[in-house]
Protein chains: 2
Amino acid sequence: MNEAIEVTLARWKARIDGELARVASNGIALPESLRDAVHYSLTGDGKRIRGLLVMASYDALGGTRDASQLAAAVEIVHAYSLVHDDLPCMDNDSLRRGRPTTHRAYGVAAATIAGVAMVALAVTQTVRAAESLGLAPATSRKLVMVLMQASGATGMVGGQLMDLENEGKVVSVEQLEAVHRAKTGALIAASLTMGGLAAGGSKQAVDDLARAGESLGLAFQIHDDVLDATSSSETLGKTAGIDAALSKSTYASTLGVDAARQKGDKLVADAMGSLKAAGLHNGPLMELARFVAARQS
Amino acid sequence: MNEAIEVTLARWKARIDGELARVASNGIALPESLRDAVHYSLTGDGKRIRGLLVMASYDALGGTRDASQLAAAVEIVHAYSLVHDDLPCMDNDSLRRGRPTTHRAYGVAAATIAGVAMVALAVTQTVRAAESLGLAPATSRKLVMVLMQASGATGMVGGQLMDLENEGKVVSVEQLEAVHRAKTGALIAASLTMGGLAAGGSKQAVDDLARAGESLGLAFQIHDDVLDATSSSETLGKTAGIDAALSKSTYASTLGVDAARQKGDKLVADAMGSLKAAGLHNGPLMELARFVAARQS
């Protein structure tokens, strides 16, 4: 990795982590157990890929301020999705990034409620971030719409339920793709879109970012499937092999590990090609795309 | 009840119901089970008190358009809260308004996910309602903030968890009041606030509405406790006596039924007095306040 880019991404990640820690400790008054469950869920270890994509696309479109507050809003939605994904009625997982899952640590009711509180928090965080970036109220409104559409029934949570319903079924590659475009792709595409909107990008540029984000999001999920099938729990920091244990169809089980990996790589190459063609290939954005293809955990 | 007001409220309720049915059938693409669970949860029978309060306060501050889209946004949040309140990890209830609860009808995972999808939907609905009312983006932003702050950790869902945590404990009246101000009061206060903001009310008028809403919301919950303790499941359309079964401290168990009823009535009188003093005593708003005190189900 180019060292300067590495330093930039590390600095951005530290800012996002700092913002998440600040939000987790602020303004969440009652009750204590809810505050603790939200704090625990927001401050878990993570790569902050979605937040970094917000900051990279903001930067690629010429944004000059610190977009870490906005980046944190997307990470709050992502953190919520992990909390609910792990619930007993969903994947029933007990380990996440090397720690007990939120419901294991705080109980199912607190985890369920903390998840919803985090969605509400992500919305207020988006509005506040837009204010601190000096954006017009109309842009703030757009950011909220993009984030909620990506999170809701037609996006992430719709994908979560489709994913659950596919357990134990033989699923076609097309059906898998529909699930993952919704479950993972929508929020990753939203991250790029939101960074672009916040930077005041043209409709064309924001559309280009969104399209690249969709490819990147699908690639991310494909590599996730491959990693689940090929890694140890220790490397992943979460339970490995859980897809097979849940009889879940994945890209790895449906296409085979090698073909899945190739498909993921091709999607990343497509995304990078589109970004380049659109003149949106700043260093951090390209580096994050490369990371999606190459990551080991 | 004054017949003209009765007709007005019935007409408004029909509009809110129509809007909820429209939203429930639109734009929630995938998967089918999620669409069905959301539709089921949004179109259950209900009094739409919160939505009617939005329309009444909009009207009281001189709003002249149809605010039923905005009213529906608040009702979507309320409907979500019922879905999650009934979950096995919460009150574990099987009957709601004479029908099986959403998780009984569609399973726990679908109900959990449908709830979150409804929160996201309430946000996009608020933004769209503000647009259709011709409001400035800054007002749209305020409406979103008010709704999410009332729904989140410091409001409704914070109150839900405090309520759960109080099960089996002896709780003081002050603690009960804190729970119910958050769990029920916050969204009712938000309903009045949102109607006032949408109508372009002054800060003073909107604050007066919010304060009256807080009293009214607490009164609503106190009467709910009294009804749970004194009614049959048939009259309520939901399981009666569930508070006692869950060893929940309520106003009825803590103060006794008569004193609780008196406290509720006094709060309603206070709210009506404040509204009158502020010149905000239009017919529907007063009628809704009276209804809170007198309702039988």
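Arg97(A) sits in the loop that joins strand 1 (95–96) and strand 2 (99–100) of chain A, where helices (H or I, at least four residues) and strands (E, at least two) are DSSP runs numbered from the N terminus. The model is a predicted one, in which local features need pLDDT of at least 70 and side-chain atom pairs count only at pLDDT 80 or more, while totals for chains, interfaces and linings use all residues. Residues are numbered from 1 along each chain as its sequence is written, and chains are lettered from A and ligands numbered from 1 in the order in which they are written.

- Most residues other than glycine have a negative phi.
- Arg97(A), which is not a glycine, has a positive phi near 50°, and it counts as partly exposed with 14 C-beta neighbours inside 10 Å; a residue is buried if 20 or more other C-beta atoms lie within 10 Å of its own, exposed if 12 or fewer, and partly exposed in between, with C-beta atoms placed from the backbone.
- Arg48(A), also a residue other than glycine, has a positive phi of about 60°, and its place is the loop between helix 2 (32–42) and helix 3 (49–60) of chain A.
- Arg48(A) is buried, with 24 other C-beta atoms within 10 Å.
- In chain B, Arg97(B) lies in the loop between strand 1 (95–96) and strand 2 (99–100), and Arg97(B) is partly exposed, with 14 other C-beta atoms within 10 Å.

**Chain A as a whole**

- Chain A has 15 helices and 2 strands, and its radius of gyration of 18 Å is close to the 19 Å that the globule rule gives for 297 residues, so chain A is as compact as a globular protein of that length; the radius is taken over C-alpha atoms, and the rule is 2.2 Å times the number of residues to the power 0.38.
- Taken along the principal axes, the C-alpha atoms of chain A fill a box of roughly 50 × 50 × 35 Å.
- Of the 297 residues of chain A, 58% count as buried.
- Among the contacts in chain A with a separation of 6 or more, 73% come from residues 24 or more positions apart, two residues being in contact if their C-beta atoms, placed from the backbone, lie within 7 Å.

- Helix 7 (residues 137–151) of chain A has 15 residues and reaches 21 Å from its first C-alpha to its last, close to the 21 Å expected at 1.5 Å a residue, the expected span being 1.5 Å times one less than the number of residues.
- In helix 7 of chain A, 11 of the 15 residues are buried, so this helix is largely enclosed by the rest of the structure.
- The buried residues of helix 7 of chain A pack against helix 4 (68–85), helix 6 (108–132), helix 8 (156–165) and helix 9 (173–198) of chain A, together with helix 6 and helix 7 of chain B.
- One of the buried residues of helix 7 is Leu147(A), and, not counting residues up to four places away in sequence, Leu147(A) touches residues including Ala73(A), Val77(A), Ala122(A) and Met194(A).
- Helix 15 (residues 283–294) of chain A has buried residues that include Leu285(A), Leu288(A) and Val292(A), and what covers its buried residues includes helix 1 (3–25), helix 3, helix 10 (203–230) and helix 14 (257–277) of chain A.

**How the two chains relate**

- Chain B can be laid on chain A with an RMSD of 0.0 Å by a turn of 180° and a shift of 0.0 Å along the axis, which is the relation of a two-fold axis; copies are superposed by least squares on the C-alpha atoms of residues with pLDDT of at least 70 in both.
- Of the residues of chain B, Pro137(B) comes closest to the rotation axis, at 2.6 Å (C-alpha).
- In all, 45 residues of chain B are in contact with 45 residues of chain A, and helix 6 of chain B gives the most to the side of chain B that touches chain A, with 14 residues.
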